[in-house]
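Here is a friendly walk through one protein model, from its overall build down to a few side chains. Please keep the structure open beside you while you read.

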Amino acid sequence: MPDLDFNYRPPPMNCSGFDPRAFRWAQTMKLAVEEINQSPELLPNYTLGYKIFDSCAHSLTSQRAALAVLNSLSEDDSPMCSGASLLAVIGESSSTQSIVVSRILQPFRIPMISYFSSCACLTDRKKYPTFFRVIPNDDYQVKAIAQLLLHFNWTWVGIIRGDHEYGRFAVQGLLRELQGTGVCVAYQEMIPLLYNQKKALKTIQVMKSSSAKVVVVFSAEGEMTPFLRDYMMQNITGIQWVAGEAWVTASVFTGSEYYPYLGGTIGFGIKKGHISRLPDFLSTVNPQRYPNNLLVQELWEALYGCNPSTSPSSQLPPCTGQETLLKQHSAYMNTSSPRVTYNVYKAVYAVAHSLHNLLLCQPGSGPFQNSSCAQSNNVFPWQLQHYIQEVEFDLDGEEVNFDLKGDSVPYYDIINWQRGTSGNIEFVNVGLFDGTKPAGEELVIQEDRIMWAGHRSEVPVSICNPRCPSGSRKAVRRGEPVCCFDCVPCDSGKISNQTNSIECTFCPEDFWSNKDRTACIPKKVEFLAYDSLGIALTVISVVGACLTISVFAVFFHHRNTAIVRVNNSELSFFLLFALTLCFLCSLVFIGEPTLWSCMLRHTAFSITFSLCISCILGKTLVVLAAFTATRPGHNIMKWLGPKQQRGIIFSCTLVQVVICAAWLIDASPYPSRNIEYERSKIILECSVGSSLAFWCVLGYIGLQACLCFILAFLARKLPGNFNEAKFITFSMLIFSAVWLSFIPAYISSPGNYADAVESFAILASSFGLLFCLFAPKCYIILLKPEKNTKQHLMGKDNK
């Protein structure tokens, strides 16, 4: 073809070479016409004629051929039945040529049926109202290829296309189908219409350097031939080719030299058919039978490399023209599984059936104005177009018809290129794509029959990155396709149990992620259980209670001694009883919180401690009153008798009981699940219900302790060898120190630790009170009985 750079007037176009495959298509049309003319049922008493033009596989020569047929060239140039008019065109093979021819034929309303033009652009009825085809349009092919890529998890692919409408629209359709599927295109390269080896080598270098091992090709056989020749010269192997229907069944690539580079190719081929008379019909074609047919002479030159004519201008050696067609001449004789050839056959029969239906029209029931029919001796192309649109017939068990866009039934065979017994490439059917089936069921593949690139049985891998394992998610790299990503481990509390997860999912509220972030496991439930810490607190609590009971026993056994009587034995027994309860109430904080244990925890603690401090307050008042009563004119002890002491204890404790009762009635403590402090655990704790009531309880105990401390502090210097006010002062100091340190520790500690802190505070303060108030007395009772006299205690002992 001339270089159309518009810098000079282009020279005339000259075609060179010969395509035996295309000549087979032309012979198939001739066979179909002869069958129809011999049929007693189809178009009886009518004879079909035909005229064949060479488009030279280029849009400019196609335009020239179309104009030639419209201008009615002389019969010497292109023989045609005399007196006949052009009603329909069978062709073109290439979408680019079909666009040109269809636009030229459109003003004349001449229908055109293509057997190999699959570009989706030709479905536009506004631009191509007279165009029909017996091959599925590329919208179905790209849909099938997209499903194939997804089926084999090929997410990183390259695309090569020819420089024409077929390649351009096919790539656009494929990119549209791949949107949102996770398949990315590594590169897009183009084979120039006017083949340029330098540009082709650049494309081949891109293929070689890319990590994409799968290449989808939308190109014609003629463009692929020189491209693959250069590709093989670079000795590149391991590429998995995905072929379009335009070249997936091209017999020119079946030679054994192609297998190391193209073996394993997979693609979608046109549905094959059966033409019983075709092999015999093709074998009868030879220069001896058709001595004046230049195309037959060119066929012989292409197949045998000899000149069957006596022309002296030929540079080829002469031959007889009676040579036998052999199997190696598959480019012409390949009739085992006719595909494009069968489409030519169908197209001719579609015209014949349409014309037959047109001639069967009964006047008054026709499809045209006033229900008229076409005149049998004067049929117009636009009338035939109407019947082509409506035609429906059965051909060798296959239903042939056209939809409103002129398309036929979308059906493809999945073809795999495998090594034959002689080392050549064979086209093996390994599945099918039926576009009439529901979405997701169109593709059927027999994977065990497929042989992949490199003569391997394993499916090739073509990905930009290794798959992200379970427990991680994909993080897209900035400025790169979504198929190129980093694998980021899931955060705590999230999992991904699939490979290549886009995001990690949160575990349910009561679950947490395992170490590998692949599964949600139940959260660990924590509370102050009877484990190491719980057992330690239990032992301390029991030991404290036992010590208190022991002191109680000592005091009871020595109840008549001076130190017991002087220090108000009744209040001492009340106090020891309260301290025993204080030690034991810490046990309520151990174990799984329940509604009753939560209500009992704070109320039991507050009431027992209030009782304890009330007893100490009574003792403090008695001590202070006893020493004050020794002064003349003071008779205060009559107001602090046993009844009054019990009244003080009762009334002071009653206030705490009332506060606790109001707390339980209004907003009682209840068990709760803390999942905020540590999200990987469920901390079972007791919610106080009412924070105001909780702090009122603590505040009341603090108020009692402060009052005791003040009164004891005032009485600390009263005379006597055993001034209990000093020990009460120390005990209140320890008590206050423990609980003042408890408050910030309690607030900052979670669940089970808060319970442990509170339990520890109870035990520490209880031990503080027990030792400060009773250790000195027990020391005198048990170890210094000689000091257990009233004189010594009052400081009147001269010794």
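## A buried glutamate and its partner

Glu442 counts as buried, at 1% relative accessibility. Here buried means under 20% relative accessible area, exposed means over 50%, and partly exposed lies in between, with a 1.4 Å probe and protein chains only. Before going on, please note that this is a predicted model, in which local features need pLDDT of at least 70 and side-chain atom pairs count only at pLDDT 80 or more, while totals for chains, interfaces and linings use all residues. Residues are numbered from 1 along each chain as its sequence is written, and side-chain values use heavy atoms, with hydrogens and water left out.

Which residue pairs with Glu442 in a salt bridge? The partner is Lys143, and the closest N and O atoms are 3.2 Å apart. A salt bridge here is a side-chain nitrogen of Lys or Arg within 4 Å of a carboxyl oxygen of Asp or Glu. Glu442 sits in the loop between strand S12 (425-434) and strand S13 (443-445), and Lys143 sits in helix H4 (residues 138-151), so the pair ties together parts that are 299 residues apart in sequence. Helices (H or I, at least four residues) and strands (E, at least two) are DSSP runs, numbered from the N terminus. Lys143 is partly exposed, with a relative accessible area of 27%.

## Other salt bridges

By this rule, the count comes to 12 salt bridges.

| Pair | Closest N to O distance |
|---|---|
| Glu442 and Lys143 | 3.2 Å |

Arg168 and Glu165 both belong to helix H5 (residues 165-178), where they are 3 residues apart, about one turn of the helix. Arg168 is partly exposed at 29% relative accessible area, and Glu165 is partly exposed at 21%. In the next pair, Lys524 is exposed at 53% relative accessibility, whereas Glu526 is buried with a relative accessible area of 12%. Salt bridges also link Arg477, Glu480 and Asp486 in a network.

## Three buried serines

Ser55 lies in the loop between helix H1 (20-38) and helix H2 (59-70), and is buried with a relative accessible area of 12%. What does the side chain of Ser55 make a polar contact with? The partner is the side chain of Glu92, at 2.5 Å. A polar contact is a pair of N or O atoms within 3.5 Å; within protein, one must be able to donate a hydrogen and the other to accept it, and residues adjacent in sequence count only if both atoms are side-chain atoms. Setting aside residues up to four places away in sequence, Ser55 touches Thr61, Ser62 and Glu92, where contact means heavy atoms within 4.5 Å. Ser55 and Gln97 are 42 residues apart in sequence, and their C-alpha atoms are 8.0 Å apart in space.

Ser114 belongs to strand S2 (residues 112-114) and is buried at 0% relative accessibility. Beyond four places in sequence, Ser114 touches several residues, including Glu92, Val134 and Ile135.

Ser408 is found in the loop between strand S10 (398-401) and strand S11 (411-419), and is buried with a relative accessible area of 13%. A polar atom of the Ser408 side chain lies 3.4 Å from the backbone oxygen of Val134, and one lies 3.5 Å from the backbone nitrogen of Ile135. Apart from neighbours within four places in sequence, the contacts of Ser408 are Arg133, Val134, Ile135, Pro136 and Asn401.

## Helix H18

The 26 residues of helix H18 (residues 642-667) should span 38 Å at 1.5 Å a residue, and the end C-alpha atoms are 37 Å apart, which agrees. The expected span is 1.5 Å times one less than the number of residues. Among the buried residues of H18 are Ile648, Cys652, Cys660 and Trp663.

## The whole protein

The protein has 22 helices and 22 strands. Its radius of gyration is 52 Å, well over the 28 Å that the globule rule gives for 799 residues, so the protein is more spread out than a compact globule. That radius is taken over C-alpha atoms, and the globule rule is 2.2 Å times the number of residues to the power 0.38. Along the principal axes, the C-alpha atoms fill a box of roughly 165 × 65 × 50 Å. Buried residues make up 50% of the 799 residues.
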